[in-house]
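Subject: Structure for you to look at

Hello,

Here is the structure I promised to pass on. Please open it first, then read my notes beside it.

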Amino acid sequence: MYKTLLGSQGFRKGMDLYFKRHDGQAVTCEDFFAAMRDANDAEFANFLLWYSQAGTPRLKVTSSYSAETHTYSLKFGQEVPSTPGQPVKEPMFIPVAIGLLDSSGKDMPLSSVYHNGKLQSLGSNNQPVYTTVLRVTKKEEEFVFSDISERPIPSILRGYSAPIRLESDLSDSDLFFLLANDSDEFNRWEAGQVLARKLMLSLVADFQQNKPLVLNPKFVHGFRSMLGDSSLDKEFIAKAITLPGEGEIMDMMEVADPDAVHAVRTFIRKQLASELKAEFLTTVENNRSTGEYVFNHHNMARRALKNIALAYLASLEDADIVELALREYKTATNMTEQFAALAAIVQKPGKIRDEVLDDFYGKWQHDYLVVNKWFALQAVSDIPGNVECVQRLLDHPAFDLRNPNKVYSLIGGFCGSPVNFHAKDGSGYKFLGEMVVQLDKINPQVASRMVSAFSRWRRFDETRQNLAKAQLEMIMSANGLSENVFEIASKSLAA
């Protein structure tokens, strides 16, 4: 936020003064703040509340446009939720980087903004300004832009200029527009994520009511546009076409439903893969490389985009795609691409999956970090009944219950699979409960970390709550239970 407010040169001035004053000293956040303020003769008002006031601010933004006066207004209202020990919160200093897009998707030049009874000119040296930083410091305030020739679409919080939760009056059409046109990559990505979250929650509701699932054609079009836009950074495309995780969607639900969320995310992935199969195949083909591994942005971005395209394709029931993934696995010149191909293959149970997993282990068994990734890949699998596979892997010669990293990879990895850890029959909870009791006798610190997977058990339906609670009570009743595990388990039960 300092850099957003001060610019690169101002931030550098602040850093220079900070080191001049405090090099070799033990310092505080206030010392850093003072250096930034003094070096730039800046007025930061209530900025220090970021260090003393708990909680994430919620910023609500509403907009209005006047065709008569050619002005565009943005009204901000902020609220910091109460937290233990701080029931009443003061307004925060929130830097909001903003740009306005015209109907063609181009950034509009910003000439001036009216705020607090003053008209502030935004241009400098006759150069147009397309992004400006608004300083929101009060509970409610308004900024009015002048000389706006048409109703714009606002690009708010560009570059994630402040760590807040943003609520705006942007419609889905506005978000699709930003997804297709915004020059700010963060906001373009965020527009896609907001749309994806809305879409997934809507489809979850349909699934729960036994309604047919239908994917919005605009969402498919947005993905197609990004895949076909050669001007975009490939790493950005890879991130932009990655759907929100199942855990993220469950966190937004009043009662988390792992089965519905998993079914919906699987449906969307398959539908996108089916409708964009040609584009994904082209993406894999155009980003394939037989050269030596090179660690730079260009090649990292190329690998990221190719690997996400292959992962989408692998969701299809298509023998040709299996062959493609196998070919990518066998011809890969580096572990990044080989592991991505392996991950694509292991989505489907069967002989090919088992053979490739064995082959990968045979090649990398000398590298314990890679073996940990191999364990985790199998543990987090969404294949139904995967708890049995994880139980077999406990007996694998490379696994050692006394090795914390092995435990985190296999048992911790399994807890990261919503569909299997939260299985309706309670098999996932039962497995973890038994492992925690065993681990507690070997390494209480590791066991306490594992039992924390139960900490949010009240977020789920009554059946799952009862099953998880039973395992926590079983753990609590174990003879010789360590203080580490007792603390986490008892607090989870009391939550």
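The chain has 22 helices and nine strands. Keep in mind that this is a predicted model. Along the principal axes, the C-alpha atoms fill a box of roughly 70 × 55 × 55 Å. There are 495 residues, and 47% of them are buried. Now take the contacts with a separation of 6 or more: 66% of them join residues 24 or more positions apart.

The surface comes next. The chain exposes about 24,600 Å². Carbon and sulfur atoms supply 51% of that area. As for charge, the chain carries 54 positive and 62 negative charges, and their mean positions are 1 Å apart.

Now look inside. The largest nonpolar core has 103 residues. Phe-219, Ile-241, Ile-268 and Ile-411 have the most contacts inside it. Leaving out residues up to four places away in sequence, Ile-241 touches Phe-223, Met-226, Leu-227, Phe-280, Leu-305, Ile-308 and Tyr-312.

Helix 13 is worth a stop. It spans residues 335-345. How many of its 11 residues are buried? Eight are, so the helix is largely enclosed by the rest of the structure. The buried ones include Glu-337 and Gln-338, along with Phe-339 and Leu-342. Which helices do the buried residues of helix 13 pack against? They pack against helix 11 (297-313), helix 12 (319-331), helix 14 (351-364) and helix 15 (368-379). Check the start of helix 13 too. There, a side-chain oxygen of Asn-334 reaches to within 3.2 Å of the backbone nitrogen of Thr-336.

Next, go to the strands. Ser-155 is in strand 8 (residues 153-156). It counts as buried because its relative accessibility is 1%, and the cut-off for buried is under 20%. Its side chain makes a polar contact with the side chain of Asp-182, at 2.6 Å. Ser-155 also touches Ala-97, among other residues beyond four places away in sequence.

Ala-97 sits in strand 3 (residues 94-101). It too is buried, with a relative accessible area of 5%. Beyond its neighbours within four places in sequence, Ala-97 is in contact with residues including Thr-131, Val-133, Ile-156 and Leu-157. Arg-158 is another of these contacts. Ala-97 and Arg-158 are 61 residues apart in sequence, yet their C-alpha atoms are 5.0 Å apart in space.

Last, two backbone angles. Most residues other than glycine have a negative phi. Asp-147 has a positive one, near 60 degrees. Leu-157 has a positive phi as well, near 70 degrees. Leu-157 is buried, at 4%. Where are they? Asp-147 is in the loop between strand 7 (140-145) and strand 8. Leu-157 is in the loop between strand 8 and strand 9 (165-168).

Best wishes

Note on methods. Residues numbered from 1 in each chain as written. Predicted model: local features only at pLDDT ≥ 70, side-chain atom pairs only at ≥ 80, totals over all residues. Heavy atoms only, no water. Helix = DSSP H or I, 4+ residues; strand = E, 2+ residues; numbered from the N terminus. Buried < 20%, exposed > 50% of the residue type's maximum accessible area, 1.4 Å probe, protein only. Contact = heavy atoms within 4.5 Å. Areas by Shrake-Rupley, 256 points an atom, 1.4 Å probe, with all protein chains shown as cover. Lys, Arg positive; Asp, Glu negative; His and termini not counted. Charge placed at Lys NZ, Arg CZ, Asp CG, Glu CD. Core = buried A, V, L, I, M, F, W, Y, C linked by side-chain atoms within 4.5 Å. Polar contact = N/O pair within 3.5 Å; in protein donor to acceptor, adjacent residues only side chain to side chain.
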